[in-house]
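Trainee: Please take one part of this model and examine it closely, once its setting in the whole chain is clear.

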Amino acid sequence: MTFKVAIYYFSNKGKEKASVLQEAISDVVFRNLDVEPEIMSSTDNIQDDFENNDALIFIGALGIAVRKIAPFIKSKMSDPAVIVIDETFKNVIPVLSGHIGGANDFARIVADKFLANAVITTATDVNGVLSIDEIAVKNGLEISRKDGIKVINSKLLNNESVKVYADESIKISGLSNEFTLSDRKKADVIISSDERDKDSCILHLYNKPYALGVGCRKDTLSSIFENVVQYVLFENNISINQVSHIASIDIKRDEKAINDFANKYGLKFYTYSASELGEVKGEFDESEFVYKTTGVSNVSERAAKIGSFDGEFLVKRFATEGVTVSVFNMIRKVDLNGNS
């Protein structure tokens, strides 16, 4: 899946710097996503850009950027990362969505590229504390409600113990002094795949345990692709909200049906080369036809497993109407020090 970045400038010098920046970050892998920066000289359509990009970078004054984005700010759960860089490239300032949107990490990457100063101001960062929302992002966990983030981060900043419960699909590691394991009823933070837990704790981190490996004939209709995937999910009592991501071979990177499905449900779409898929260990349903077509004997099963943690297949391979779907049930490993 592509990480889309829009870059804005307000002067000729800013225009020059924007071109330099675009080239510098075009091949950066950020949070396992390919970066695709696009230079935009005008902010006339800032609302569309704000809603349809993963990050906005302004080259110029902080005040201008703030005025441009102010009318469109909604929530730290959904706003894109916003970063401001001065025209001399001395300071890189994450302004919005520092943790969940990744602005702080992205600012550090850009600052490192240009030997600049990343001006990080979030309380947990400046105090050397890893925030609970940053831990969630680094471990691929969803946050059910944002109101609990501040409460848990305040506990961490005050060196108070945070009680954590994780269900059996979660393996906790990296347990630091700030966290203690607890039973479900006493937990401040619950990590589970059951959305009902959000009402019984301060903060619920929602695990999405299923990875989908998919394949399809070229130019398969989006409606057919979705119907097949939804049928597999329905037959196995899986909600689309429990799906972590979908994956396939790289020759399907631009397949419209798969991209339409991923975009419709907000899923990350990862692709892998035939050689990468071929290295996945396990027993798979082999196909000579698939091998001649793609260079690997099984796409969907290998794709479902390659991007996953430990676990097992719930659906090995379901195929109909030119669409194949495999479902891998992951056992997620969560590091409470943020090391995913």
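Mentor: A contact is counted when heavy atoms lie within 4.5 Å. On that basis, residues 24 or more positions apart account for 62% of the contacts in the protein chain that have a separation of 6 or more. The model is predicted, so that local features need pLDDT of at least 70 and side-chain atom pairs count only at pLDDT 80 or more, whereas totals for chains, interfaces and linings use all residues. Residues are numbered from 1 along each chain as its sequence is written, and side-chain values use heavy atoms, with hydrogens and water left out.

The overall dimensions come next. The C-alpha trace of the protein chain spans about 60 × 50 × 35 Å along its principal axes. Of the 340 residues, 48% count as buried, that is, under 20% relative accessible area with a 1.4 Å probe and protein chains only (exposed is over 50%, partly exposed in between). The protein chain exposes about 16700 Å², of which carbon and sulfur atoms supply 46%; such areas come from the Shrake-Rupley method, and for residues only the protein chains shown count as cover.

The chain holds 12 helices and 18 strands. These are DSSP runs numbered from the N terminus, helices being H or I with at least four residues and strands E with at least two.

Two strands pair if DSSP finds at least two bridges between them. Strand 9 (residues 162–166) is joined to strand 11 by 3 bridges, and the two run parallel. Within strand 11, Thr-180 stands opposite Lys-163.

Ser-297 lies between helix 11 (288–294) and helix 12 (300–306). Although placed in a loop, Ser-297 is buried, with a relative accessible area of 15%. Ser-287 is 10 residues from Ser-297 in sequence, and their C-alpha atoms are 5.0 Å apart in space.

Notes:
Areas by Shrake-Rupley, 256 points an atom, 1.4 Å probe, with all protein chains shown as cover.
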